[in-house]
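The sequence and the model should be kept in view while reading.

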Amino acid sequence: EYIGAVPLVHEIGVKAFLQRYSNPGDVTGIPLHVMTHPPGGVLFLWLASLLLGGSVWAATLATILFTSLVLAAIGWLGARWYGESVGRCAMALFLFVPNVILYTTTSMDGPFAVFPAFSIALYFVALKERNGWMAAGSGLALGLALFMTYSSTFIPLFFCVSVLLT
């Protein structure tokens, strides 16, 4: 359904789209399911359509390619903590998780997972290495994650619990 809202962004512009999106009484042209999520998914597909030509296939390709960045976060964290071989194994194991294969290639769940994955990876590196830049990067990634999916609201709670446990 997200791709169905992309023409509206082309028609009225990003600012007007965000204004309409934030006003529940003015949902004309925005699919109902899309309104149950933050506007990041639609804006991601809109940007992909601008960069790759606007077809559904281009949006699908952009979704799959962008989702593959989750592997970078997983591999980077594994390699940073335990070495290159563990990072590669973590990426390979992630690719064999059935839900990853099923949902990241057929829905917006893949792009929704990128920023939370980087936020969590950066958080753990910042926590282990006491690195302020990594912590700031984690916060930035978390902000972008919240723009994509409401499920990211639980990540700060996870961070607080993990700090208390460590």
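## Overall architecture

The structure is a predicted model. The chain contains 10 helices and zero strands. The C-alpha trace spans about 50 × 30 × 25 Å along its principal axes.

The chain has 166 residues, and 39% of them count as buried. Among the contacts in the chain with a separation of 6 or more, 64% are made by residues 24 or more positions apart.

## Helices H1 and H3

Helix H1 covers residues 2-12 and helix H3 covers residues 40-52; their axes come within 8 Å and cross at roughly 70°. An angle from 65 to 115 degrees counts as roughly perpendicular, and H1 and H3 are therefore described as roughly perpendicular to each other. The crossing in which H1 passes H3 is right-handed.

On the H1 side, the contact is formed by Tyr 2, Ile 3, Ala 5, Val 6, Val 9 and His 10. On the H3 side, these residues meet Gly 41, Val 42, Leu 43, Leu 45, Trp 46, Ser 49 and Leu 50. The residues of this contact comprise 10 nonpolar, three polar and no charged.

## Helices H5 and H6

The axes of H5 and H6 are 6 Å apart, and the two helices pack at an angle of about 150°. Their crossing is right-handed.

From H5, the residues taking part are Val 70, Leu 71, Ile 74, Gly 75, Gly 78, Ala 79 and Tyr 82. They meet Glu 84, Val 86, Gly 87, Ala 90, Met 91, Phe 94 and Leu 95 in H6. In the contact of H5 with H6, 10 residues are nonpolar, three are polar and one is charged.

## Salt bridges

Side chains of opposite charge can pair when their charged atoms come close. How many salt bridges does the structure hold? There are two.

One of the salt bridges joins the side chains of Glu 129 and Arg 80, with a distance of 2.7 Å from N to O. This pair links distant parts of the chain: Glu 129 belongs to helix H8 (residues 109-129), Arg 80 belongs to helix H5 (residues 69-82), and the two are 49 residues apart. Glu 129 has a relative accessibility of 36%, so this residue counts as partly exposed. Arg 80 also counts as partly exposed because its relative accessibility is 34%.

A salt bridge is also formed by Glu 84 and Arg 88, whose closest N and O atoms are 3.9 Å apart. Both residues lie in helix H6 (residues 84-95), where they are four residues apart, or about one turn of the helix. Glu 84 and Arg 88 are both exposed. Glu 84 also takes part in the contact of H6 with H5.

## Individual residues

Is Ser 138 buried or exposed? Its relative accessibility is 4%, and because buried means under 20%, Ser 138 counts as buried. Ser 138 is placed in helix H9, which covers residues 132-148. When neighbours within four places in sequence are left aside, Ser 138 is in contact with Ser 119, Leu 122, Tyr 123 and Phe 159.

Glu 1 is found in the segment before H1. With a relative accessibility of 56%, Glu 1 counts as exposed. Apart from residues up to four places away in sequence, Glu 1 touches Pro 31, His 33 and Val 34. Glu 1 and Val 42 are 41 residues apart in sequence, and their C-alpha atoms are 9.2 Å apart in space. Arg 130 lies in the loop between H8 and H9. Its phi angle is near 55°, which is a positive value in a residue other than glycine. Arg 130 has a relative accessible area of 68% and is therefore exposed.

Definitions and conventions
Residues numbered from 1 in each chain as written. Predicted model: local features only at pLDDT ≥ 70, side-chain atom pairs only at ≥ 80, totals over all residues. Heavy atoms only, no water. Buried < 20%, exposed > 50% of the residue type's maximum accessible area, 1.4 Å probe, protein only. Contact = heavy atoms within 4.5 Å. Salt bridge = Lys/Arg side-chain N within 4 Å of Asp/Glu carboxyl O. Axes fitted to C-alpha atoms, helices over the stretch in contact; angles between N-to-C directions. Parallel < 35°, antiparallel > 145°, perpendicular 65-115°, else oblique. Left-handed = near helix turned anticlockwise from the far one by under 90°. Nonpolar A, V, L, I, M, F, W, Y, C, P; charged D, E, K, R; others polar.
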